[in-house]
Amino acid sequence: MTYVRSWLPTTIALLPLMWLLPPLRHAVESSMLLHMLLQFPLLLAAGMMAGRWLARAWPALDRGVARIDALGLLGAISLLLVSAFWMVPAALDLALLDARYAAFKYVSWWGAGVLLALGASRYSPVVAVFTYGNLAWMLASAGLLYQSIETPLCVSYLQNEQVWTGRGLIVLALLLGPWLLLRDGLRCLSEAGASALPPLSGRRFPSPR
Amino acid sequence: MRARLLPTLLACVLASAGVGAALAELTGGFTHWTFEERRREHARQGLLAAPMLARADAPVHEVRILDFIFTRCPTVCRVLGTEYQQMQQAILQTPGSAVRLVSISFDVERDSEADLRAYARTYQAQSPVWTVTNSATPEDDRRLRRALGVVAIPDGMGGFVHNSALHLIDRDGRVLALYDYTQWPTALAHAQRLGTGNTP
């Protein structure tokens, strides 16, 4: 078990290398569902694993990022921005047709993952609720749009794939949203409740004078 | 805490501006959200061109109405064939017209010379007004369609689905306009105006 635990993050971190193999890349990218719901999350996960490793191996980088990532806000905003960009149908097509957009896809998802991981220790539950609430809403909105429009939005994918991807995005939103909202929302409420009581062992942040 | 929030907020604003700029570039100022809308806007701006289609020996005013086909297509290409037939008739009845029709097969692997000739016979294509052809190699086909932004994907039933349009192309290979199939009378009128040297 320990063996698996130690190798799993490394394996996930190195997963983007498999997209260097054209047959494997084509197999995943030729399906809209796999492109959006497998490749994107894997790139994000690879970035998160790399971010964890970077935080240990390069503390100076972690300290540098900490200066511009109070409460994990920068990581949260980056995830929302990158997700929004890659929901645009034109971006999905260009990721397959234009090498610049393909490079941006890998860098943006991976980079968002690194920032998320670096900011994990600073992540405020309020920011988490804001982020995941917005992310779930965005996934569901894009999903509803994809499955309801009767013409293909992408030139690289058939309309029936678009419908299935839309359904997939809605399911992901329904699973991800409530789970993460419950997890962080409860933390948020418990912290809010705790702060309403007289402090027992000091405050988390010093009060502004 | 406030001191740490300011650089964070600045970084967030910068990240938002960066992705916003990329999104503006992608969508032509938040107006064209699909690849096809973006392609048509590029055509309107004169940014779409296929230099490999340039014909230095063609008349100065020559305008080609070009689209992509595959001869086994049971649906759209058949309708397109009929529309091309009507356009051919109109061109033949216009003395001095420099409008030419071109049907290019992208099914380079399966469409043989005989298949192309059979397609031309079916729709009574008359050379040199209407040419039915294909690229010499799959690589040439890929380069041509990439230049024009035409993507053909397997439909799962042995055929293809592709972003289809009538491309008005000048003798330098520049796309002058893109029209939907249903707009073929407008496309032909536009080409005829340009093809007789009478710019609109």
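## A walk through chains A and B

Start with chain A: from the N terminus on, its elements run α-α-α-α-α-α-α-α-α. That makes nine helices and zero strands, where helices (H or I, at least four residues) and strands (E, at least two) are DSSP runs numbered from the N terminus.

Before you click further: this is a predicted model, where local features need pLDDT of at least 70 and side-chain atom pairs count only at pLDDT 80 or more, while totals for chains, interfaces and linings use all residues. Residues are numbered from 1 along each chain as its sequence is written, chains are lettered from A and ligands numbered from 1 in the order in which they are written, and side-chain values use heavy atoms, with hydrogens and water left out.

Of its 209 residues, 46% are buried; buried means under 20% relative accessible area, exposed over 50%, and partly exposed in between (1.4 Å probe, protein chains only). Look at contacts with a separation of 6 or more, and 75% of them join residues 24 or more positions apart. A contact here means heavy atoms within 4.5 Å.

**Stop 1: the largest core.** Next, select A:Met36, A:Phe85, A:Trp86, A:Trp109 and B:Leu26, the residues that touch the most other members of the 61-residue largest nonpolar core. Such a core is a set of buried Ala, Val, Leu, Ile, Met, Phe, Trp, Tyr and Cys residues joined through side-chain atoms within 4.5 Å. Elements giving it two or more residues include α3 (32-57) and α7 (99-118) of chain A, along with α1 of chain B. Which element gives the most? That's α5(A), with nine residues.

**Stop 2: α6(A).** Why is α6(A) largely enclosed by the rest of the structure? Because seven of its nine residues are buried. To see them, select A:Pro89, A:Ala90, A:Ala91, A:Leu92, A:Asp93, A:Leu94 and A:Ala95.

**Stop 3: A:Leu43.** Hop over to helix α3 of chain A, where A:Leu43 lies. Buried or exposed? A:Leu43 is buried, at a relative accessible area of 1%. Show its neighbours beyond four places in sequence: A:Pro16, A:Trp19, A:Lys105, A:Tyr106, A:Trp109 and A:Trp110.

**Stop 4: A:Ala140.** This one is in helix α8 (residues 125-148) of chain A. Not counting residues up to four places away, A:Ala140 touches A:Ile170 and A:Ala173.

**Stop 5: the interface.** Now bring chain B into view. The contact takes 28 residues from chain B and 27 residues from chain A. Together the chains bury about 2400 Å², 76% of it on carbon and sulfur atoms; buried area is the accessible area (1.4 Å probe) that two parts lose on being put together, summed over both. Five residue pairs (both at pLDDT 80 or more) are in polar contact between the chains, meaning a pair of N or O atoms within 3.5 Å; within protein, one must be able to donate a hydrogen and the other to accept it, and residues adjacent in sequence count only if both atoms are side-chain atoms. On the side of chain B that touches chain A, α1 (2-27), α2 (35-44) and β4 (152-154) each supply at least two residues. Finish on α1(B), which provides the largest share of that side, 15 residues.
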